[in-house]
Amino acid sequence: LSQLPGWSVRPDGSIVIATGNDDALGLYRCTPYNSYGTAGESRPTRVLLKDPPAFTVRPKEEYFQEVGRELVIPCAAHGDPPPTVTWVKVGSVGKSSAQVDGNSSLILHPLIKEQHGVWECTATNQVASVTTATSVHVLGTSPHAVTNVSVLPLLLAANISWEPGFDGGYFQRFSVWYTPLVRYPPRAHHDWVSLSVPAGAQHLLVENLQPDTSYQFSVLAQNKLGSGPFSQIVTSVPRGFPVTTVPPEPPAMTVHVFLSPPRALTANETVRGVLLRWDPPARASVALSGYALELRQDKGGWEVLERSIPGTDTQVLVPGLIKDAFYEFRLVAFAGSYISDPSNTVNVSTAGMEVYPSRTQLPELLPQPVLAGVIGGICFLSVAVIFSTMAACIMNRRRAARVRKRRQDPPLVFSP
């Protein structure tokens with residue numbers, strides 16, 4: 001062994017080969033012995049050299065593609081034995097809808113907003129695993145949620161800052177939403193105050209707050225296609241005026257609300273409408289008091305459909321949907337004065353459905369063409385009534401004028 005550089009024997013008899021090369025190939029036997037001799041040599045073992053995976057084709061650092069179109073990202077590797085290539089989205093929960101073709105390329109078709117982010121390609125064999133990453137940017141969508149929201153308590157004010165999410169390919173603007181946490185709120189839980197943020201800014205000073213009162217803050221991003229999801233809710237307490245000469249206490253630390261959103265929201269179609277089911281929040285700092293159901297139609301704005309669902313319920317029936325429309329539903333939980341983040345969104349399409357109750361249809365769910373037709377009919381009837389009234393008045397005036405004229409004319413006298 002002294003003639004082979006990098007080879008050594010450990011006290012337990014193991015051979016250490018620092019660098020594997022062709023010199024290490026072959027059969028090996030171990031013979032133990034002591035002062036009395038040996039009991040024989042061990043079984044032979046064969047040393048083989050295998051190659052770890054190595055990428056032959058790497059994806060680019062970034063890919064930009066419109067939503068709804070197809071995106072193919074190549075990735076290939078070789079090794080001995082041949083490696084297995086897999087794709088995974090960083091930070092994703094559950095199974096992805098992406099596919100991998102025979103060349104180990106990632107296929108995203110149709111490309112959706114949720115596939116935006118970092119994807120990793122991993123090649124694995126018996127020797128080792130290697131990974132490379134790429135970023136996918138989905139264009140033509142509403143903005144993604146902002147991250148790292150922080151609140152700095154000030155004197156009767158609070159400074160809110162955040163990091164913007166991806167803008168969906170369009171200019172995005174922000175608004176800060178806040179509400180005080182009181183035992184008996186004077187308004188509904190979802191009726192928050194919103195403040196617009198100047199263009200390009202990533203922070204906002206919220207003033208005229210009540211001292212020693214807890215406030216909830218959240219940030220919403222919007223672009224030309226609509227609103228993204230609200231950010232995480234952060235709770236903070238503004239500072240009040242000092243009342244003694246004692247040095248003021250340090251600012252209150254920003255804490256997170258311990259109320260997770262409703263879980264596993266699903267939708268099932270029935271003859272009476274859409275049945276929504278869900279699981280209660282996993283964590284709640286106080287007893288759960290109820291839920292609010294929100295929906296939006298055809299990618300429009302979110303609206304509150306039902307705000308008084310009991311906290312003990314785990315399902316609700318939604319009747320009165322419109323045929324050939326696309327709906328999205330989500331839930332918000334209430335526990336005391338706290339509001340959770342929205343649950344996962346479920347999609348419901350009424351295209352091709354034969355029966356849906358129409359008498360219970362919600363007024364706010366009327367499609368714009370139907371609403372325009374109703375308004376136009378009302379306007380037409382109003383104009384017709386006005387013209388009829390005017391015509392009747394004119395005819396009455398003419399008839400009265402003829403009667404007065406006959407009374408003023410002298411009577412005609414005929415001679416015998």
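Student: Leaving aside its neighbours within four places in sequence, which residues is R58 in contact with?

Tutor: In this predicted model, R58 is found in the loop between β5 (54-57) and β6 (62-66). Once its neighbours within four places in sequence are left aside, the residues in contact with R58 are P74 and T132.

Student: With which side chain does the side chain of R58 make a polar contact?

Tutor: P74 and T132 are both in contact with R58. The polar contact, made by the side chain of R58 at 3.3 Å, is with the side chain of T132.

Student: Is R58 buried or exposed?

Tutor: The relative accessible area of R58 is 53%. Because a residue over 50% is classed in this way, R58 counts as exposed.

Student: How far apart in space are R58 and C75, C-alpha to C-alpha?

Tutor: In sequence, R58 and C75 are 17 residues apart. In space, C-alpha to C-alpha, R58 and C75 are separated by 5.1 Å.

Student: Which residue does a disulfide join to C75?

Tutor: The count for the model comes to one disulfide. It links distant parts of the chain, from C75 in the loop between β7 (71-73) and β8 (76-78) to a residue 46 residues apart in strand β12 (residues 117-124). With an S to S distance of 2.0 Å, the partner of C75 is C121.

Student: Are C75 and C121 buried or exposed?

Tutor: C75 has a relative accessible area of 1%, and C121 has one of 0%. Because the limit for this class is under 20%, C75 and C121 are both buried.

Student: How does C379 count in terms of accessibility: buried, partly exposed or exposed?

Tutor: The relative accessibility of C379 is 43%.

Student: In what order do the four strands of the open sheet with β12 stand?

Tutor: The pairing in this open sheet is mixed, and the twist averages 25 degrees from one strand to the next. Within it, β9 and β12 pair in the antiparallel sense over six bridges. The order of the four strands is β6-β13-β12-β9.

Student: Why is one side of β6 and of β9 left without a neighbour in the sheet?

Tutor: β6 and β9 (84-89) stand at the edges of the sheet. One side of each is left without a neighbour because β6 and β9 each have a single partner strand.

Student: Which residues of β9 make up its uncovered face?

Tutor: In a regular strand the side chains alternate between the two faces of the sheet. The covered face of β9 has V85, W87 and K89. The uncovered face of β9 consists of T84, T86 and V88.

Student: What is omega for the cis peptide bond from H109 to P110?

Tutor: Most residues other than glycine have a negative phi, and most peptide bonds are trans. A cis peptide bond joins D80 and P81, with omega about 0 degrees, and P81 lies in the loop between β8 and β9. P110 is placed in the loop between β11 (106-108) and β12. For the cis bond from H109 to P110, omega is near -10 degrees.

Student: What is phi of N148, a residue other than glycine?

Tutor: N148 is placed in strand β14 (residues 147-154), and it is partly exposed, with a relative accessible area of 48%. Its phi has a positive value, near 55 degrees.

Conventions. Residues are numbered from 1 along each chain as its sequence is written. This is a predicted model: local features need pLDDT of at least 70, side-chain atom pairs count only at pLDDT 80 or more; totals for chains, interfaces and linings use all residues. Side-chain values use heavy atoms; hydrogens and water are left out. Helices (H or I, at least four residues) and strands (E, at least two) are DSSP runs, numbered from the N terminus. Buried means under 20% relative accessible area, exposed over 50%, partly exposed in between (1.4 Å probe, protein chains only). Contact means heavy atoms within 4.5 Å. A polar contact is a pair of N or O atoms within 3.5 Å; within protein, one must be able to donate a hydrogen and the other to accept it, and residues adjacent in sequence count only if both atoms are side-chain atoms. A disulfide is a pair of cysteine sulfur atoms within 2.5 Å. Two strands pair if DSSP finds at least two bridges between them. Axes are lines fitted to C-alpha atoms, for helices over the stretch in contact, and angles run from 0 to 180 degrees between N-to-C directions.
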